[in-house]
Amino acid sequence: MFTNVSWGSYLTAVGILLLIWYLVLILKFYSRDLRKLFSGEKKLNFPLVKKTSNKLESQRHQKSLSSSFSESFDTLEDAEELSTRIVQVVEESSQMSLSKEQFQNYLKMVLEEYPYVKISSLRENISNLIVSESEKHPQFYLTFDQADTLWEETIS
């Protein structure tokens, strides 16, 4: 009886039966996922493709991060630029003999040009710089609270 069945026919029959068995298992245990996949709610992920495109994806991710947060990355440079501008403002105000109110308005105008420094943790350092620079000229002396409120006030 078994001599009439060739090895090729046997392996073909076993392969078809295994294929049917695995299709039944897949349909039984993964029917929800298959419905979501075919309806478009879920995307198919290939781990091997992910490994090869991982470098490209990480480069794209870094570019998107740097573009979306470029303002915050530039904050340190803005703070350095602002600190040199504050020193210049104090010197110019002293040379031009401005009143304290004019000096404060000038500082407010300069501070408004750096909105990202205003919302950063560097704001306190800049306010301390304003206080230390204003101490050099008694007519412009500002306390820390006064220097900090310059960020919020508008030019009068």
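1. Let's start with D148: in this predicted model, D148 is partly exposed, with a relative accessible area of 25%. D148 forms a salt bridge with R123, and their closest N and O atoms are 3.1 Å apart. D148 lies in helix α10 (residues 144-149) and R123 in helix α9, so this pair ties together parts that are 25 residues apart in sequence.

2. Now look at R123 itself. R123 is buried, because its relative accessible area is 15% and the cut-off for buried is under 20%. The side chain of R123 also meets that of E152 in a salt bridge (2.9 Å, N to O). That pair links distant parts of the chain, with E152 in the segment after α10 and R123 in helix α9, 29 residues apart. Step back and you'll find K118, R123, D148 and E152 linked in a network of salt bridges.

3. How many salt bridges are there by this rule? The count comes to five. One of them pairs E133 with K136, with the closest N and O atoms 3.0 Å apart. Here E133 is buried at 8% relative accessible area, whereas K136 counts as exposed at 53%.

4. Next, the helix packing. Helix α6 (residues 75-95) and helix α9 (residues 123-135) pack at an angle of about 20°, their axes 10 Å apart. That makes α6 roughly parallel to α9, and the crossing is right-handed.

5. Have a look at S97, in the loop between α6 and α7 (100-112). S97 isn't a glycine, yet has a positive phi of about 55°. S97 is exposed, at 60% relative accessible area.

6. Finally, check the nonpolar surface patch of about 1,300 Å², whose residues include W7, L11 and Y30. L11 sits in helix α1 (residues 7-29) and counts as exposed at 56% relative accessibility.

Conventions: Residues numbered from 1 in each chain as written. Predicted model: local features only at pLDDT ≥ 70, side-chain atom pairs only at ≥ 80, totals over all residues. Heavy atoms only, no water. Patch = residues over 30% accessible without salt bridge, like charges linked within 9 Å, V, L, I, M, F, W, Y side chains within 5 Å. Areas by Shrake-Rupley, 256 points an atom, 1.4 Å probe, with all protein chains shown as cover. Salt bridge = Lys/Arg side-chain N within 4 Å of Asp/Glu carboxyl O. Helix = DSSP H or I, 4+ residues; strand = E, 2+ residues; numbered from the N terminus. Buried < 20%, exposed > 50% of the residue type's maximum accessible area, 1.4 Å probe, protein only. Axes fitted to C-alpha atoms, helices over the stretch in contact; angles between N-to-C directions. Parallel < 35°, antiparallel > 145°, perpendicular 65-115°, else oblique. Left-handed = near helix turned anticlockwise from the far one by under 90°.
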